[in-house]
Amino acid sequence: MTALRQRKGSKGKEPPLGAEFQSQQSNCCSDHHPEKILHGDWSWGAIIWTSVGWSISVGLGLLCCIYMATLHENDLWFSNIKEVEREISFRTECGLYYSYFKQMLQAPSIQEGLSDLIHDNLTESKRTINLLQRMNIYQEVFLSVLYRLLPIQSYLEPVYFYIYTVFSLQAVYVIALYLTAWLLSGSWLAGVLTGIWYILNRVDTTRVEFTISLRENWSLPFLALQVTAITCYLRPQLTVLQQKVMVWLMYVTTFCFCLTWQFNQFILLVQALIIYTLDCVDFLTTTQVTTLYLVQVSGLLSVWLLQFCNSMILGSLVLSFIVAALFIRHCQSGLKTGNLLVRLGKLLLHSAMVLLLTFTINYLAKKALQLRSDEHIFKFIKSKFALGPTRDFDASLYLCEEAFGLLPLDTLERLAGTLLLYPYILTLPLLSGTLAVAALQNVRPKGSSAEERKGAGEVRVVAFRPDVAYNLLHTLFFGLLAFSTMRMKYIWTGHMCAVAAYGVCGTELWTLLLNALRCNTKVLLRLVRYAVPLVMIGCLYYKFWPKLMEELSELREFYDPDTVELMTWISTKTPKQTVFAGSMQLLAGIKLCTGRVLTNHPHYEDKDLRERTRQVYQVYARRSPEEVYDILRAAGADYVVLENSICYERRHRRGCRLRDLLDLANGHIMDGPGENDPDLVPASHPRFCEAIKTDTAAYTSLFTRTFQNKTFHVYRVKKKRKKSAKSSSEPGATQ
């Protein structure tokens, strides 16, 4: 196995707070900003600075790409291992997705390959499914077609074409984060700091080097590009043409993001909530709000069409929310009128109506579409926050995985070690406080008397930049999501780098600090904004460059002989149309390495598949041989693969082992010392995966051992029961 912010009120003759932030906005756009040339500034200084900024962004992106590819090679010795070992290295669902790239290349033609994907009967036995509808695998289709068309087959193997494409997307990711920080701060030094932080915190910003095919590795770079496009779209002083270009960029990046990840709807729901919040407190214009909503809807519906009218998209919460928000907004024309209390009351009523209509539309849509594909996600959310049953098998599978638990505190320690956390936690309260004050100013009625205008002027804060407001809420919302579910941290930490770099290189933090010290001048402000990030970059280089070189010098090798032996045996000793049952993770590898038919697989977004998986997993429960036999035959299985690592699992605590989850779902007492719920009863049969190895008549009459090593035991499921088997135990229940 591979080892593998505090604010201070102005006093005396200091400028009012509003003027201070107005100055900050103008200063932000006066430096070497990427928009200067677009606004007609073709001076040599602007051209040189902008060119240098863009060049460094590309350089950092390529550096990240090469770094990830080198780590992957050094960890597996990928260039030297056999093809079957390379394929085994695509663990769990990664192997399933890569198998479709391989399948498309092996097809006689592109048309036949597409037809096989649309009418697939290999991924789920006894079923024909449309993979392009069920799964987000258009990226594999696109790459396979591209590989066929490009004249590179003679010197670049398909697997390298695939993994290099994914690593190249990491370069795109870094460039997008770089541009976001540059747009926010007006200094490409912020982009440099962002890229460096992303690379140094790779443990918490990406896992691409060991989960190459994972859908998030395809989609998150497009999400980062979309955030960059939104940031640029929300900036002032864009021409009509530039706004149209940004809208198209937002659409294209949203479309690509949705097309490459099945969980796109939940990320877009968070984005829609951000847009709704900004709309409620007047940070966005009506046109901007409507445009952003329609971009999301257009992206989702485009994917809906490409995925053969996938009902999961139409039944998504985000579509229901956007329809409800736009409808209620249109109906409530007097929402933003009245005094402060009246307006706050209207906002609360408005929000309640939007939520009520959202859930009503979503409920009716799911009833009409008979949609149950995503119910396991809502079961997980209910169970996680103790709002639903805790014994549900599907929800427990997620809850027991560390990736779906709370964010570990050592994550913050690592982020602090690279100096990322400190500017972030200083910037966040500063911007949040300013945003809150600006929001209150926006919802307050404008005074008509001179006295009211004077009172308002003393505390007035000029309009908070909408691009900054969006990015602030983006990092807050996704930060909360990351703290609640660790796997979501990869959406948060990359953007966190851009926000922290904006805090270091922007004007807001330094202006307040220098004002507090009563030494705020333009020269000193510019000096601090450039000197501090340069000093930080120097410190990071001094501290981490030797560690990076040491890390890149560590050489390992892929080593998993038991799995290699199993895949070789399956490929050479079983017919091509043989059906295999087993764990989702292993079967994905069997599909990739051998092309055999599966009973179940890791792509869990289908109710019937989830039920079949739970049934097949009864091989690790306390069930009679007859019951297990009936289940496997109902699924069409010819062979079942039992794994010692699951049958005798010790990785999870008691109550989270797969056999415990099955016992709880079946109402049986769990193994080992510890408490059990009072309604659980002892099982009447031994655990199947253990008892079958005793080779007693009850088992040998139904199953024949055909392969075994230290890790795996493979049994052939006999076609017909012997008569003696019927009398050895009570008849089992079928699926």
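Contact between residues is taken to mean heavy atoms within 4.5 Å. The structure described here is a predicted model, in which local features need pLDDT of at least 70, side-chain atom pairs count only at pLDDT 80 or more, and totals for chains, interfaces and linings use all residues. Residues are numbered from 1 along each chain as its sequence is written, and side-chain values use heavy atoms, with hydrogens and water left out.

The chain contains 35 helices and 5 strands, assigned as DSSP runs (H or I over at least four residues for helices, E over at least two for strands) and numbered from the N terminus. Of its 735 residues, 57% are buried, where buried means under 20% relative accessible area, exposed over 50%, and partly exposed in between (1.4 Å probe, protein chains only).

In the model, residues 46-69 are 100% helix, with end C-alpha atoms 35 Å apart. Residues 527-545 are likewise 100% helix, and their end C-alpha atoms lie 26 Å apart.

Helices H14 (residues 286-306) and H16 (residues 317-331) have axes that come within 10 Å and cross at roughly 150°. Axes are lines fitted to C-alpha atoms, for helices over the stretch in contact, and angles run from 0 to 180 degrees between N-to-C directions. H14 and H16 are therefore roughly antiparallel to each other, a label applied to angles over 145 degrees. On the H14 side, the residues in contact with H16 include Val289, Tyr293, Gln296 and Leu300. Their partners in H16 include Val318, Ile322, Ala325 and Arg329. In an α-helix, residues three or four places apart point the same way, because there are 3.6 residues a turn.

Most residues other than glycine have a negative phi. Phenylalanine 308, however, has a positive phi of about 55°; this residue lies in the loop between H14 and helix H15 (311-314) and is partly exposed, at 36% relative accessibility. Leucine 419 has a positive phi of about 65°. Leucine 419 is placed in the loop between helix H20 (409-417) and helix H21 (421-443), and its relative accessible area of 28% makes it partly exposed.

Note on methods. Parallel < 35°, antiparallel > 145°, perpendicular 65-115°, else oblique.
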